[in-house]
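Reader: Could you walk me through this fold, starting with the sheet and then moving on to the helices?

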Amino acid sequence: MEIVNHARALNISVLEVHAVAGALDLVCGFLGVDFRAEVKNGALPPSRRMLTPAEAETFKAWKGRKPVIWMCLDDVERTRNEIYNEVTRSGMISPNSDRS
């Protein structure tokens, strides 16, 4: 899966759990932040990219960090940058440190 390979290339840990009933596609971690991700094919029409009822319920009921939806490689990079900026602002890492 191109998106998973890209995330791993950006030093994001990825565990594929899409086969688990009611789970979103991925459990990910970056710089000490864990998050869930659902992968949708961005090339499909919007009606085919909608969350399934089970996915929508997981998004609604999840009490951890809000899950993300990745439809393209830019979405992966956007998530990585948001987490990097959040962790930097919190003081957990220095702004000049390596993003890995």
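**Sheet and helices**

Author: S3 and S4 pair in the parallel sense, over three bridges, where strands are DSSP runs of E with at least two residues, helices are runs of H or I with at least four residues, and both are numbered from the N terminus; two strands pair if DSSP finds at least two bridges between them. This is a predicted model, in which local features need pLDDT of at least 70 and side-chain atom pairs count only at pLDDT 80 or more, while totals for chains, interfaces and linings use all residues. Residues are numbered from 1 along each chain as its sequence is written, and side-chain values use heavy atoms, with hydrogens and water left out.

Reader: Which residue stands opposite Ile 69 in S4?

Author: That is Glu 38.

Reader: And in what order do the four strands come?

Author: The order is S1-S2-S3-S4, in an open sheet with mixed pairing. Strand S1 (13–16) and S4 stand at the edges with a single partner strand each, so one side of each has no neighbour in the sheet. Direction ignored, neighbouring strands are turned by 35 degrees against each other on average, with axes taken as lines fitted to C-alpha atoms, for helices over the stretch in contact, and angles running from 0 to 180 degrees between N-to-C directions.

Reader: Where does helix H1 lie?

Author: Helix H1 (residues 2–9) lies across S1, strand S2 (26–30), S3 and S4, and it runs at about 150 degrees to S1.

Reader: Switching to H2, which of its residues are buried?

Author: Glu 55, Thr 58 and Phe 59 are the buried residues of H2, buried meaning under 20% relative accessible area, exposed over 50% and partly exposed in between, with a 1.4 Å probe and protein chains only. They lie on the same side of H2, because they cover an arc of only 100 degrees around the axis, the arc being that of the directions from the helix axis to the C-beta atoms. On the other side of H2, Pro 53 and Lys 60 are exposed.

Reader: What do the buried ones pack against?

Author: The buried residues of H2 pack against strand S3 (33–39) and strand S4 (68–70).

Reader: What is Thr 58 in contact with, beyond its neighbours within four places in sequence?

Author: Thr 58, in helix H2 (residues 53–61), is in contact with Gly 22, Leu 24 and Arg 36, contact meaning heavy atoms within 4.5 Å. Its relative accessibility is 12%, so Thr 58 counts as buried.
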